[in-house]
Amino acid sequence: FFSAIPAAPADPVFGIALAYKNDPVPEAQKVNLVVGAYRDSAGLPVVLPSVERAARLLSESETSSDGHHEYLPIDGLPAFRQGAAQVMFGDECMSLLAGRLYTTQAISGTGALRVCLDFVRRHLGERTVYYPQQTWPIHPNVCAEAGLPAKAYRYLATTGGTVRLDAEAMLADLTAAPEGSVILLHVCAHNPTGVDPTPAEWERIADVIAERRLLPFFDSAYQGFATGDLARDAHAVRAFARRGLEMFVAQSFAKNMGLYGERVGALHVVSNDPTGLDHMGQQLRRAIRSSYSNPPAYGARLAAAIFQDPALFAQWDEDIKLMSGRIAGLRQSLRSALEARQTPGDWSVITSQIGMFAYLGLSDAQCEVMMSKHHVYMAKNGRISVPGLNETNIAQVADAIHDVVTA
Ligand code: PMP
């Protein structure tokens with residue numbers, strides 16, 4: 001039955017993480033900068049203090065309605081859905097969007113993207129999804145799996161050694177997209193480039209989207225990691241909502257709550273047609289019911305506990321500031337290490353970029369040497385996950401970059 005099945009390419013992120021694991025040199029000689037996950041200064045995974053306290057609250061309430069293992073509703077835990085929407089849209093937009101917003105819990109950000117693009121394919125027809133030329137490598141794959149054609153729009157200008165948004169090229173490509181196309185936008189802390197539009201550029205993007213009647217699909221995987229401020233990082237979504245634009249938002253709490261494996265996320269739909277919105281909710285629930293039936297409960301309960309308790313929420317806010325602050329410090333250390341080595345290139349980009357990643361502009365071949373010769377593992381698009389750096393490995397990473405750049 002199965003002999004004709006072709007092999008599949010390795011995953012661009014998890015495939016390299018596996019290569020790191022399989023590298024036989026001692027742990028102390030290899031560096032893992034592959035997966036976008038926060039680490040402490042010893043390179044270990046972190047449970048946020050706010051999440052730890054939420055977990056304690058849940059375990060203490062074992063006899064209450066939070067302590068059991070019953071199914072959640074098809075579209076998830078109501079308190080989580082409400083809180084997730086509140087975090088994304090804020091008070092002002094929440095009241096603006098009354099009756100025009102539907103939220104379903106989703107299997108983290110990836111699940112939200114997939115369930116939504118499946119919905120688009122099935123109910124809105126075969127429309128093209130436009131994604132930024134530099135993007136999370138899974139975006140085009142999700143479009144393909146959902147059966148939707150996908151095309152890149154230009155995003156970054158890399159000429160002259162600078163790394164900045166090429167707003168003119170981006171707007172030109174969006175203007176040329178056929179009416180009704182889906183436009184995938186990173187809400188903040190763009191992966192992999194760390195380059196976001198300014199508020200003024202977001203206004204121009206919104207102008208084109210409104211004029212050309214395009215359908216924005218925001219992907220929010222790093223809220224809090226761009227500026228350390230949840231509200232400021234949600235600026236683009238809220239600005240579009242204030243303009244009355246319809247949209248989708250895929251929201252992940254993997255990074256900003258450190259709940260990677262718990263798969264905590266949401267899909268938000270903003271529609272100006274209440275009946276359409278109601279039907280969309282029904283169709284999404286129907287699709288979910290025959291896909292994974294209902295979402296995982298534990299992570300959503302943790303998140304809801306944080307949303308509902310002002311003291312826990314304040315702690316979460318502090319946890320986010322601590323993570324984003326430590327990342328900023330690591331950026332500075334890597335930049336200084338490269339400048340001290342007089343490595344050719346403008347390394348100020350490392351500190352001007354924001355979010356979890358540094359986009360070093362290394363070629364595929366240079367990334368290959370970083371891994372095979374220097375045991376520094378990174379995504380092949382030239383992206384390193386900054387929190388994987390620490391005092392012990394920064395010199396090794398800087399030496400490796402210096403070597404591949406000067407080779
Ligand atoms: N979008 C982007 C841009 C991402 O970087 C990620 C995680 N790497 C996701 C979505 C989805 O993450 P998750 O499914 O773990 O929430």
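## Ala250 and its surroundings

Leaving aside residues up to four places away in sequence, Ala250 touches Gly109, Ala112, Leu113, Cys116, Asp219, Ser220, Gly265 and Leu267, where contact means that the C-beta atoms of two residues, placed from the backbone, lie within 7 Å. This is a predicted model, in which local features need pLDDT of at least 70 and side-chain atom pairs count only at pLDDT 80 or more, while totals for chains, interfaces and linings use all residues. Residues are numbered from 1 along each chain as its sequence is written.

Ala250 lies in strand E9 (residues 247-252); helices (H or I, at least four residues) and strands (E, at least two) are DSSP runs, numbered from the N terminus. Ala250 counts as buried because 27 other C-beta atoms lie within 10 Å, the terms being buried for 20 or more other C-beta atoms within 10 Å of a residue's own, exposed for 12 or fewer and partly exposed in between, with C-beta atoms placed from the backbone. Between the C-alpha atoms of Ala250 and Pro137, which are 113 residues apart along the chain, the separation is 16 Å.

## The shell around the ligand

The ligand is surrounded by Gly36, Ser108, Gly109, Thr110, Trp136, His186, Asn191, Asp219, Ala221, Ser252, Ala254 and Gly265, a residue being near a molecule or strand if its C-beta atom, placed from the backbone, lies within 6 Å of it. Helix H4 (residues 108-124) gives the most to this shell, with 3 residues.

By class, the shell around the ligand holds 3 nonpolar, 8 polar and 1 charged residues; here Ala, Val, Leu, Ile, Met, Phe, Trp, Tyr, Cys and Pro count as nonpolar, Asp, Glu, Lys and Arg as charged, and the others, Gly among them, as polar.

The chain is divided into domain 1 (14-47 + 322-406) and domain 2 (78-308), with bounds that come from an automatic or database domain assignment. The centres of the two domains, taken over C-alpha atoms, are separated by 28 Å.

In the contact between them, 21 residues of domain 1 meet 21 residues of domain 2. On the side of domain 1 that touches domain 2, the elements giving two or more residues are helix H12 (310-340) and strand E11 (357-359), and E11 gives the most, with 3 residues. The residues of this side divide into 11 nonpolar, 8 polar and 2 charged.

## Packing of H3 and H9

Helix H3 (residues 78-96) packs with helix H9 (residues 235-242) at an angle of about 5°, their axes being 9 Å apart; axes are lines fitted to C-alpha atoms, for helices over the stretch in contact, and angles run from 0 to 180 degrees between N-to-C directions. H3 and H9 are therefore roughly parallel to each other, given that angles under 35 degrees count as roughly parallel, over 145 as roughly antiparallel, 65 to 115 as roughly perpendicular and the rest as oblique.

From H3, the residues Met88, Phe89, Gly90, Cys93 and Leu96 meet Val237, Arg238, Ala241 and Arg242 of H9. This contact has 6 nonpolar, 1 polar and 2 charged residues.

## Backbone features in loops

The peptide bond from Asn191 to Pro192 is cis, with omega near 15°, and Pro192 is found in the loop between strand E7 (182-186) and helix H7 (199-211).

Arg213, although not a glycine, has a positive phi of about 50°; Arg213 is found in the loop between H7 and strand E8 (215-220) and counts as exposed, with 11 C-beta neighbours inside 10 Å. Ser293, also a residue other than glycine, has a positive phi near 75°. Ser293 is found in the loop between helix H10 (274-289) and helix H11 (298-308), and is exposed, with 10 other C-beta atoms within 10 Å.
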